[in-house]
Amino acid sequence: GIDLGYVYAHPEETLAQHIKGIYRLIGNKQAEETVMALTRQITKDAPLAFGERRLGQPALGQRAAAVEIANAIDKIFTPEQQSKVLRAVADVSGTLVGQIAALDLSAPFIQGLPVLGHDLKMTLKGRPTTNWAKAYGHMWKAVANPKAIADFRTANQPLYKRALEAGILTGQSEFVAGVPLMGRALGKIPVAGKTLKEVYPQTWGRMGQAYSDFLEVSRIKLFEQMEGAWQREGGNIYDLGAVINRMTGTASAAARGVGANRRLIERSLAFAPNYIRASLLLMKDLMGRGATAKEVQSTIAAMLGIGFAAYYAEEKVRGREPKIKPWPKRLGGNGADAFTTEIAGQNVGLGSWMYGMIKVLAETAAVSIDDPSAMAVWNNQHPWYRFLKSKGSPGLQLAGELATGRNFFGKAFDSPDDYLMRLVETIVPIAGQSLLE
(Lines give C-alpha, C1' and ligand atoms only; values in the text may rest on other atoms or scores of the structure.)
Protein backbone atom coordinates (compact mmCIF):
# COMPACT_ATOMS: atom_id res chain seq x y z
CA GLY A 1 0.00 0.00 0.00
CA ILE A 2 2.79 2.43 0.85
CA ASP A 3 4.63 1.55 -2.37
CA LEU A 4 1.49 2.20 -4.41
CA GLY A 5 0.86 5.51 -2.70
CA TYR A 6 -2.27 4.42 -0.84
CA VAL A 7 -3.34 5.91 2.47
CA TYR A 8 -2.43 2.98 4.66
CA ALA A 9 -5.00 3.75 7.37
CA HIS A 10 -7.86 2.50 5.15
CA PRO A 11 -6.25 0.36 2.42
CA GLU A 12 -9.44 -1.44 1.34
CA GLU A 13 -11.45 1.78 0.91
CA THR A 14 -8.60 3.44 -0.97
CA LEU A 15 -8.12 0.39 -3.18
CA ALA A 16 -11.84 0.34 -3.92
CA GLN A 17 -11.58 3.92 -5.17
CA HIS A 18 -8.55 3.00 -7.26
CA ILE A 19 -10.47 0.16 -8.94
CA LYS A 20 -12.90 2.70 -10.39
CA GLY A 21 -10.15 3.82 -12.73
CA ILE A 22 -9.30 0.41 -14.20
CA TYR A 23 -10.60 -0.94 -17.46
CA ARG A 24 -14.29 -1.82 -17.29
CA LEU A 25 -14.65 -4.38 -20.06
CA ILE A 26 -14.62 -7.86 -18.57
CA GLY A 27 -13.35 -9.25 -21.88
CA ASN A 28 -10.30 -6.99 -21.75
CA LYS A 29 -7.34 -9.01 -20.55
CA GLN A 30 -5.91 -6.15 -18.52
CA ALA A 31 -9.19 -5.87 -16.59
CA GLU A 32 -9.30 -9.61 -16.07
CA GLU A 33 -5.72 -9.72 -14.82
CA THR A 34 -6.32 -6.77 -12.50
CA VAL A 35 -9.46 -8.29 -11.00
CA MET A 36 -7.82 -11.69 -10.55
CA ALA A 37 -4.96 -10.10 -8.63
CA LEU A 38 -7.37 -8.33 -6.26
CA THR A 39 -9.56 -11.33 -5.50
CA ARG A 40 -9.11 -14.95 -4.41
CA GLN A 41 -10.64 -18.26 -5.36
CA ILE A 42 -13.34 -19.65 -3.02
CA THR A 43 -12.57 -23.27 -2.18
CA LYS A 44 -13.72 -25.90 0.31
CA ASP A 45 -10.59 -25.28 2.36
CA ALA A 46 -10.86 -21.50 2.04
CA PRO A 47 -14.55 -20.53 2.21
CA LEU A 48 -15.85 -16.99 2.54
CA ALA A 49 -14.46 -15.28 5.62
CA PHE A 50 -15.90 -12.51 7.76
CA GLY A 51 -15.62 -9.16 5.89
CA GLU A 52 -15.59 -10.82 2.46
CA ARG A 53 -18.26 -11.48 -0.10
CA ARG A 54 -18.65 -13.29 -3.40
CA LEU A 55 -18.40 -11.22 -6.61
CA GLY A 56 -21.70 -10.69 -8.39
CA GLN A 57 -20.48 -11.24 -11.95
CA PRO A 58 -21.29 -14.76 -13.23
CA ALA A 59 -17.80 -15.16 -14.65
CA LEU A 60 -16.31 -14.27 -11.26
CA GLY A 61 -18.85 -15.97 -9.01
CA GLN A 62 -16.30 -18.30 -7.45
CA ARG A 63 -14.02 -15.46 -6.41
CA ALA A 64 -14.15 -13.40 -3.21
CA ALA A 65 -12.76 -10.09 -1.99
CA ALA A 66 -13.15 -7.66 0.90
CA VAL A 67 -16.64 -6.13 0.78
CA GLU A 68 -15.42 -2.66 -0.29
CA ILE A 69 -13.36 -4.12 -3.13
CA ALA A 70 -16.11 -6.51 -4.25
CA ASN A 71 -18.62 -3.62 -4.30
CA ALA A 72 -16.29 -1.50 -6.44
CA ILE A 73 -15.65 -4.35 -8.90
CA ASP A 74 -19.35 -5.16 -9.25
CA LYS A 75 -20.21 -1.49 -9.76
CA ILE A 76 -17.67 -1.21 -12.55
CA PHE A 77 -18.85 -4.31 -14.42
CA THR A 78 -22.59 -3.76 -13.88
CA PRO A 79 -24.16 -1.47 -16.51
CA GLU A 80 -25.55 1.72 -15.00
CA GLN A 81 -29.19 2.56 -15.65
CA GLN A 82 -29.23 5.46 -18.10
CA SER A 83 -31.45 8.48 -17.59
CA LYS A 84 -33.91 8.75 -20.49
CA VAL A 85 -33.77 12.56 -20.34
CA LEU A 86 -29.98 12.64 -20.45
CA ARG A 87 -30.00 10.09 -23.25
CA ALA A 88 -32.39 12.21 -25.32
CA VAL A 89 -30.34 15.39 -24.81
CA ALA A 90 -27.08 13.57 -25.60
CA ASP A 91 -28.61 12.08 -28.76
CA VAL A 92 -29.64 15.54 -29.97
CA SER A 93 -26.14 16.85 -29.27
CA GLY A 94 -24.50 13.89 -31.01
CA THR A 95 -26.79 14.29 -34.00
CA LEU A 96 -25.83 17.95 -34.42
CA VAL A 97 -22.13 17.12 -34.09
CA GLY A 98 -22.44 14.45 -36.79
CA GLN A 99 -24.41 16.78 -39.06
CA ILE A 100 -21.69 19.43 -38.78
CA ALA A 101 -18.60 17.21 -38.85
CA ALA A 102 -19.36 14.20 -41.07
CA LEU A 103 -18.81 15.87 -44.46
CA ASP A 104 -15.52 17.39 -43.29
CA LEU A 105 -12.82 14.80 -44.06
CA SER A 106 -10.33 16.53 -41.81
CA ALA A 107 -9.41 13.63 -39.52
CA PRO A 108 -5.91 13.27 -41.10
CA PHE A 109 -5.17 16.92 -40.27
CA ILE A 110 -6.67 17.03 -36.77
CA GLN A 111 -6.67 13.73 -34.86
CA GLY A 112 -4.24 12.24 -37.36
CA LEU A 113 -1.44 14.79 -36.96
CA PRO A 114 0.37 12.85 -34.19
CA VAL A 115 0.36 9.80 -36.50
CA LEU A 116 2.12 11.91 -39.11
CA GLY A 117 4.47 13.15 -36.39
CA HIS A 118 5.32 9.55 -35.49
CA ASP A 119 6.12 8.77 -39.13
CA LEU A 120 8.32 11.87 -39.37
CA LYS A 121 10.11 10.87 -36.16
CA MET A 122 10.81 7.38 -37.52
CA THR A 123 12.09 8.89 -40.78
CA LEU A 124 14.52 11.07 -38.83
CA LYS A 125 15.73 7.92 -37.09
CA GLY A 126 16.43 6.30 -40.45
CA ARG A 127 13.53 3.81 -40.17
CA PRO A 128 10.78 5.49 -42.21
CA THR A 129 7.16 4.42 -41.71
CA THR A 130 4.06 5.32 -43.71
CA ASN A 131 1.19 4.71 -41.28
CA TRP A 132 -0.41 8.12 -41.92
CA ALA A 133 -0.18 7.76 -45.71
CA LYS A 134 -1.66 4.24 -45.67
CA ALA A 135 -4.55 5.37 -43.49
CA TYR A 136 -5.09 8.43 -45.70
CA GLY A 137 -5.23 6.21 -48.78
CA HIS A 138 -7.69 3.88 -47.08
CA MET A 139 -9.91 6.85 -46.22
CA TRP A 140 -10.44 7.60 -49.89
CA LYS A 141 -11.04 3.93 -50.61
CA ALA A 142 -13.80 4.12 -48.01
CA VAL A 143 -15.34 7.11 -49.77
CA ALA A 144 -15.63 4.99 -52.91
CA ASN A 145 -16.59 1.81 -51.04
CA PRO A 146 -17.86 2.02 -47.43
CA LYS A 147 -17.26 -1.73 -47.08
CA ALA A 148 -13.49 -1.24 -47.41
CA ILE A 149 -13.03 -1.37 -43.64
CA ALA A 150 -14.68 -4.82 -43.52
CA ASP A 151 -12.15 -6.08 -46.08
CA PHE A 152 -9.31 -4.53 -44.05
CA ARG A 153 -10.51 -6.21 -40.85
CA THR A 154 -10.86 -9.58 -42.56
CA ALA A 155 -7.35 -9.36 -43.99
CA ASN A 156 -5.88 -8.50 -40.57
CA GLN A 157 -7.79 -10.73 -38.13
CA PRO A 158 -4.81 -11.92 -36.02
CA LEU A 159 -3.51 -8.34 -35.79
CA TYR A 160 -6.94 -7.07 -34.75
CA LYS A 161 -7.17 -9.72 -32.03
CA ARG A 162 -3.88 -8.58 -30.47
CA ALA A 163 -4.74 -4.89 -30.89
CA LEU A 164 -8.17 -5.22 -29.28
CA GLU A 165 -6.72 -7.17 -26.36
CA ALA A 166 -4.26 -4.29 -25.87
CA GLY A 167 -7.18 -1.86 -25.67
CA ILE A 168 -7.07 -0.33 -29.17
CA LEU A 169 -10.41 1.35 -29.93
CA THR A 170 -12.17 0.74 -33.24
CA GLY A 171 -15.47 1.65 -34.85
CA GLN A 172 -17.22 4.98 -35.30
CA SER A 173 -15.56 8.21 -34.24
CA GLU A 174 -17.55 10.28 -31.74
CA PHE A 175 -17.45 13.07 -34.34
CA VAL A 176 -19.79 11.13 -36.64
CA ALA A 177 -21.56 8.74 -34.23
CA GLY A 178 -24.77 10.80 -34.46
CA VAL A 179 -25.15 10.42 -38.24
CA PRO A 180 -27.43 7.33 -38.06
CA LEU A 181 -29.74 9.17 -35.64
CA MET A 182 -30.11 12.05 -38.10
CA GLY A 183 -30.79 9.58 -40.90
CA ARG A 184 -33.63 7.99 -38.93
CA ALA A 185 -35.04 11.40 -38.02
CA LEU A 186 -35.04 12.52 -41.67
CA GLY A 187 -36.81 9.30 -42.63
CA LYS A 188 -39.84 10.38 -40.57
CA ILE A 189 -40.40 13.59 -42.57
CA PRO A 190 -43.68 13.36 -44.54
CA VAL A 191 -43.40 12.85 -48.33
CA ALA A 192 -39.63 13.47 -48.62
CA GLY A 193 -38.65 11.18 -45.74
CA LYS A 194 -38.14 8.02 -47.81
CA THR A 195 -35.87 9.79 -50.28
CA LEU A 196 -33.89 11.56 -47.56
CA LYS A 197 -33.44 8.29 -45.67
CA GLU A 198 -31.83 6.77 -48.78
CA VAL A 199 -29.73 9.81 -49.74
CA TYR A 200 -28.36 10.66 -46.30
CA PRO A 201 -26.39 7.42 -45.78
CA GLN A 202 -24.79 7.88 -49.20
CA THR A 203 -23.58 11.38 -48.33
CA TRP A 204 -23.15 12.06 -44.62
CA GLY A 205 -23.06 8.33 -43.83
CA ARG A 206 -20.44 7.51 -46.44
CA MET A 207 -18.16 10.42 -45.55
CA GLY A 208 -18.60 9.78 -41.83
CA GLN A 209 -17.55 6.17 -42.35
CA ALA A 210 -14.43 7.32 -44.20
CA TYR A 211 -13.65 9.73 -41.34
CA SER A 212 -13.84 6.89 -38.81
CA ASP A 213 -11.94 4.48 -41.06
CA PHE A 214 -8.91 6.75 -41.23
CA LEU A 215 -8.64 6.75 -37.44
CA GLU A 216 -9.16 3.00 -37.08
CA VAL A 217 -6.62 2.09 -39.76
CA SER A 218 -4.15 4.55 -38.21
CA ARG A 219 -4.44 2.81 -34.83
CA ILE A 220 -4.11 -0.69 -36.26
CA LYS A 221 -1.12 0.27 -38.42
CA LEU A 222 0.59 2.04 -35.53
CA PHE A 223 0.05 -0.98 -33.31
CA GLU A 224 1.41 -3.33 -35.97
CA GLN A 225 4.53 -1.22 -36.41
CA MET A 226 5.18 -0.47 -32.72
CA GLU A 227 4.15 -3.73 -31.01
CA GLY A 228 7.39 -5.67 -31.42
CA ALA A 229 9.83 -2.94 -30.38
CA TRP A 230 7.60 -1.87 -27.49
CA GLN A 231 7.57 -5.38 -26.00
CA ARG A 232 11.27 -5.97 -26.64
CA GLU A 233 12.03 -2.86 -24.60
CA GLY A 234 9.88 -4.16 -21.73
CA GLY A 235 6.92 -1.83 -22.27
CA ASN A 236 3.43 -2.71 -21.04
CA ILE A 237 1.27 -3.67 -24.03
CA TYR A 238 -1.77 -1.97 -22.47
CA ASP A 239 0.19 1.27 -22.20
CA LEU A 240 0.91 0.99 -25.93
CA GLY A 241 -2.80 0.59 -26.67
CA ALA A 242 -3.65 3.59 -24.51
CA VAL A 243 -1.04 5.90 -26.04
CA ILE A 244 -2.04 4.94 -29.59
CA ASN A 245 -5.66 5.77 -28.75
CA ARG A 246 -4.62 9.14 -27.34
CA MET A 247 -2.36 9.92 -30.30
CA THR A 248 -5.34 9.41 -32.60
CA GLY A 249 -7.67 11.58 -30.56
CA THR A 250 -9.75 9.20 -28.50
CA ALA A 251 -9.98 7.56 -25.10
CA SER A 252 -12.58 5.28 -23.55
CA ALA A 253 -14.44 7.11 -20.81
CA ALA A 254 -16.00 3.82 -19.69
CA ALA A 255 -12.56 2.25 -19.41
CA ARG A 256 -11.52 5.05 -17.08
CA GLY A 257 -14.40 4.40 -14.71
CA VAL A 258 -16.77 7.12 -15.97
CA GLY A 259 -20.40 6.11 -15.42
CA ALA A 260 -23.02 5.95 -18.16
CA ASN A 261 -24.96 9.04 -17.06
CA ARG A 262 -21.83 11.13 -16.65
CA ARG A 263 -20.84 10.13 -20.19
CA LEU A 264 -24.24 11.32 -21.41
CA ILE A 265 -23.74 14.64 -19.61
CA GLU A 266 -20.31 15.03 -21.21
CA ARG A 267 -21.76 14.28 -24.63
CA SER A 268 -24.50 16.86 -24.04
CA LEU A 269 -22.10 19.61 -22.99
CA ALA A 270 -19.01 19.05 -25.15
CA PHE A 271 -18.50 18.85 -28.92
CA ALA A 272 -16.16 15.86 -28.59
CA PRO A 273 -15.62 14.86 -24.95
CA ASN A 274 -13.36 11.89 -25.63
CA TYR A 275 -11.16 13.96 -27.95
CA ILE A 276 -10.79 16.50 -25.14
CA ARG A 277 -10.04 13.70 -22.67
CA ALA A 278 -7.43 12.17 -25.01
CA SER A 279 -5.81 15.57 -25.56
CA LEU A 280 -5.52 16.24 -21.83
CA LEU A 281 -4.09 12.77 -21.21
CA LEU A 282 -1.58 13.32 -24.01
CA MET A 283 -0.53 16.59 -22.35
CA LYS A 284 -0.07 14.63 -19.12
CA ASP A 285 2.09 12.13 -21.01
CA LEU A 286 4.20 14.97 -22.39
CA MET A 287 5.20 15.92 -18.87
CA GLY A 288 5.71 12.36 -17.65
CA ARG A 289 8.48 9.80 -17.69
CA GLY A 290 8.88 6.31 -19.08
CA ALA A 291 8.22 4.65 -22.43
CA THR A 292 4.85 6.35 -23.00
CA ALA A 293 6.19 9.82 -22.26
CA LYS A 294 9.24 9.23 -24.46
CA GLU A 295 7.04 8.21 -27.39
CA VAL A 296 4.70 11.18 -27.01
CA GLN A 297 7.49 13.72 -26.50
CA SER A 298 9.46 12.61 -29.55
CA THR A 299 6.35 12.38 -31.73
CA ILE A 300 5.02 15.83 -30.83
CA ALA A 301 8.51 17.36 -31.15
CA ALA A 302 8.90 15.93 -34.67
CA MET A 303 5.42 17.02 -35.68
CA LEU A 304 5.72 20.58 -34.43
CA GLY A 305 9.36 21.04 -35.43
CA ILE A 306 9.11 19.73 -38.98
CA GLY A 307 5.66 21.24 -39.39
CA PHE A 308 6.93 24.69 -38.41
CA ALA A 309 9.96 24.41 -40.70
CA ALA A 310 7.82 23.25 -43.64
CA TYR A 311 5.29 26.05 -43.11
CA TYR A 312 8.00 28.71 -42.81
CA ALA A 313 9.75 27.50 -45.98
CA GLU A 314 6.48 27.25 -47.94
CA GLU A 315 5.51 30.84 -47.12
CA LYS A 316 8.97 32.13 -48.01
CA VAL A 317 8.95 30.29 -51.35
CA ARG A 318 5.57 31.89 -52.14
CA GLY A 319 7.01 35.30 -51.26
CA ARG A 320 4.90 35.75 -48.15
CA GLU A 321 5.73 36.58 -44.58
CA PRO A 322 5.09 33.54 -42.36
CA LYS A 323 2.41 34.13 -39.74
CA ILE A 324 4.19 32.80 -36.68
CA LYS A 325 2.89 35.13 -33.97
CA PRO A 326 -0.02 33.28 -32.29
CA TRP A 327 -1.03 36.12 -29.94
CA PRO A 328 -3.94 38.51 -30.75
CA LYS A 329 -3.76 41.00 -33.61
CA ARG A 330 -4.58 43.86 -31.25
CA LEU A 331 -1.32 43.06 -29.47
CA GLY A 332 0.74 42.82 -32.65
CA GLY A 333 0.26 39.11 -33.36
CA ASN A 334 -1.42 37.17 -36.16
CA GLY A 335 -4.35 36.01 -34.06
CA ALA A 336 -6.44 33.25 -35.64
CA ASP A 337 -4.42 33.57 -38.87
CA ALA A 338 -1.28 32.22 -37.17
CA PHE A 339 0.24 29.21 -38.96
CA THR A 340 -2.20 29.53 -41.89
CA THR A 341 -1.64 30.11 -45.58
CA GLU A 342 -3.97 31.64 -48.15
CA ILE A 343 -5.44 29.32 -50.77
CA ALA A 344 -8.12 30.58 -53.17
CA GLY A 345 -8.85 33.51 -50.88
CA GLN A 346 -9.27 31.33 -47.79
CA ASN A 347 -6.91 30.98 -44.83
CA VAL A 348 -6.05 27.30 -44.51
CA GLY A 349 -4.11 25.79 -41.64
CA LEU A 350 -3.65 22.63 -39.58
CA GLY A 351 -6.05 21.80 -36.78
CA SER A 352 -5.59 19.70 -33.65
CA TRP A 353 -5.54 20.55 -29.97
CA MET A 354 -1.80 21.30 -30.07
CA TYR A 355 -2.08 24.31 -32.32
CA GLY A 356 -5.15 25.49 -30.43
CA MET A 357 -3.28 25.16 -27.15
CA ILE A 358 -0.26 27.03 -28.52
CA LYS A 359 -2.50 29.92 -29.54
CA VAL A 360 -4.43 30.15 -26.27
CA LEU A 361 -1.24 29.97 -24.20
CA ALA A 362 0.40 32.65 -26.36
CA GLU A 363 -2.65 34.91 -26.00
CA THR A 364 -2.75 34.28 -22.24
CA ALA A 365 0.89 35.32 -21.92
CA ALA A 366 0.45 38.39 -24.12
CA VAL A 367 -2.69 39.60 -22.32
CA SER A 368 -1.10 38.96 -18.91
CA ILE A 369 1.79 41.25 -19.84
CA ASP A 370 -0.25 43.93 -21.63
CA ASP A 371 -3.20 44.13 -19.22
CA PRO A 372 -2.98 41.75 -16.22
CA SER A 373 -6.33 42.93 -14.85
CA ALA A 374 -8.08 41.57 -17.97
CA MET A 375 -7.26 38.04 -16.84
CA ALA A 376 -9.44 38.56 -13.77
CA VAL A 377 -12.55 39.32 -15.85
CA TRP A 378 -14.34 36.20 -17.08
CA ASN A 379 -15.97 37.36 -20.34
CA ASN A 380 -15.69 36.93 -24.09
CA GLN A 381 -12.37 38.79 -24.12
CA HIS A 382 -10.75 36.23 -21.82
CA PRO A 383 -8.69 33.74 -23.90
CA TRP A 384 -9.67 30.73 -21.78
CA TYR A 385 -13.34 31.71 -21.79
CA ARG A 386 -13.40 31.61 -25.60
CA PHE A 387 -11.25 28.47 -25.70
CA LEU A 388 -13.57 26.54 -23.39
CA LYS A 389 -16.67 27.92 -25.10
CA SER A 390 -15.35 26.67 -28.45
CA LYS A 391 -15.29 23.12 -27.05
CA GLY A 392 -18.99 23.20 -26.16
CA SER A 393 -21.62 21.13 -27.95
CA PRO A 394 -23.51 22.76 -30.85
CA GLY A 395 -26.77 22.67 -28.91
CA LEU A 396 -25.23 24.26 -25.82
CA GLN A 397 -23.59 27.01 -27.89
CA LEU A 398 -26.81 27.69 -29.77
CA ALA A 399 -28.89 27.89 -26.58
CA GLY A 400 -26.38 30.25 -24.96
CA GLU A 401 -26.23 32.56 -27.97
CA LEU A 402 -29.99 32.71 -28.44
CA ALA A 403 -30.47 33.41 -24.73
CA THR A 404 -27.93 36.24 -24.66
CA GLY A 405 -28.68 37.61 -28.12
CA ARG A 406 -24.98 37.52 -29.05
CA ASN A 407 -22.95 35.21 -31.26
CA PHE A 408 -19.78 33.34 -30.35
CA PHE A 409 -17.66 36.46 -30.85
CA GLY A 410 -19.95 38.63 -28.72
CA LYS A 411 -21.60 40.47 -31.61
CA ALA A 412 -25.29 41.24 -31.00
CA PHE A 413 -28.04 39.78 -33.20
CA ASP A 414 -29.61 42.91 -34.71
CA SER A 415 -32.51 41.39 -36.65
CA PRO A 416 -34.62 38.23 -37.06
CA ASP A 417 -32.42 37.37 -40.04
CA ASP A 418 -29.41 37.15 -37.71
CA TYR A 419 -31.23 34.63 -35.52
CA LEU A 420 -32.33 32.64 -38.58
CA MET A 421 -28.79 32.56 -39.94
CA ARG A 422 -27.53 31.29 -36.60
CA LEU A 423 -30.09 28.47 -36.66
CA VAL A 424 -28.99 27.53 -40.19
CA GLU A 425 -25.33 27.46 -39.10
CA THR A 426 -26.22 24.77 -36.58
CA ILE A 427 -26.98 22.23 -39.33
CA VAL A 428 -24.57 23.35 -42.07
CA PRO A 429 -21.39 21.22 -42.25
CA ILE A 430 -18.13 22.89 -41.31
CA ALA A 431 -16.89 22.60 -44.90
CA GLY A 432 -19.85 24.66 -46.16
CA GLN A 433 -20.16 27.35 -43.49
CA SER A 434 -17.96 29.80 -45.41
CA LEU A 435 -20.72 29.85 -48.06
CA LEU A 436 -23.06 31.46 -45.53
CA GLU A 437 -20.88 34.55 -45.16
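Biologist: With which residue does glutamate 224 form a salt bridge?

Modeller: In general, side chains of opposite charge can pair when their charged atoms come close. In this predicted model, glutamate 224 forms its salt bridge with lysine 221, and the closest N and O atoms are 3.5 Å apart.

Biologist: How many residues separate glutamate 224 and lysine 221 in helix 10?

Modeller: An α-helix has 3.6 residues a turn, so residues three or four places apart point the same way. Here glutamate 224 and lysine 221 are three residues apart in helix 10, and therefore about one helical turn separates them.

Biologist: Which parts of the chain does the salt bridge of glutamate 227 link?

Modeller: The partner of glutamate 227 is arginine 162, with 2.9 Å between the closest N and O atoms. This pair links distant parts of the chain: glutamate 227 belongs to helix 10 and arginine 162 to helix 8 (residues 157-165), 65 residues apart. Glutamate 227 counts as buried at 12% relative accessibility, whereas arginine 162 counts as partly exposed at 37%.

Biologist: What does arginine 246 pair with, and how many salt bridges are found in the whole structure?

Modeller: Arginine 246 forms a salt bridge with aspartate 285, their closest N and O atoms being 2.8 Å apart. Arginine 246 lies in helix 11 (residues 237-247) and aspartate 285 in helix 13 (residues 273-286), so the pair ties together parts that are 39 residues apart in sequence. Both residues are buried. The search of the whole structure finds 16 salt bridges.

Biologist: Let us turn to nonpolar side chains. Which members of the largest nonpolar core touch the most other members?

Modeller: They are Phe223, Leu240 and Ile244, in a core of 57 residues. Helix 10 gives the most to this core, contributing 13 residues. Leaving aside residues up to four places away in sequence, isoleucine 244 touches Ile168, Arg219, Leu222, Phe223 and Met226. Another core lies apart from it, with eight residues, including Leu55, Ala65, Ile69 and Ile73.

Biologist: Which residues of helix 9 are buried, and what covers them?

Modeller: In helix 9 (residues 179-186), the buried residues are Val179, Met182, Gly183 and Leu186. Viewed down the axis of helix 9, they fall within an arc of 105°, so they line one face of the helix. Their cover includes helix 4 (84-101) and helix 10 (193-232).

Biologist: Which nonpolar residues form a patch on the surface?

Modeller: The patch consists of Leu402, Tyr419, Leu420, Met421, Leu423 and Val424, which together have about 470 Å² of accessible area. Helix 18 (residues 416-425) supplies the largest share, five residues. Leucine 420 is located in helix 18.

Biologist: How many helices and strands does the protein have, and what percentage of its residues are buried?

Modeller: The protein has 18 helices and five strands. Of its 437 residues, 43% are buried. The protein exposes about 23100 Å², of which carbon and sulfur atoms supply 60%. Among contacts between residues at least 6 apart in sequence, 61% join residues at least 24 apart.

How values were computed:
Residues numbered from 1 in each chain as written. Predicted model: local features only at pLDDT ≥ 70, side-chain atom pairs only at ≥ 80, totals over all residues. Heavy atoms only, no water. Buried < 20%, exposed > 50% of the residue type's maximum accessible area, 1.4 Å probe, protein only. Helix = DSSP H or I, 4+ residues; strand = E, 2+ residues; numbered from the N terminus. Arc of directions from axis to C-beta. Contact = heavy atoms within 4.5 Å. Patch = residues over 30% accessible without salt bridge, like charges linked within 9 Å, V, L, I, M, F, W, Y side chains within 5 Å. Areas by Shrake-Rupley, 256 points an atom, 1.4 Å probe, with all protein chains shown as cover. Salt bridge = Lys/Arg side-chain N within 4 Å of Asp/Glu carboxyl O. Core = buried A, V, L, I, M, F, W, Y, C linked by side-chain atoms within 4.5 Å.
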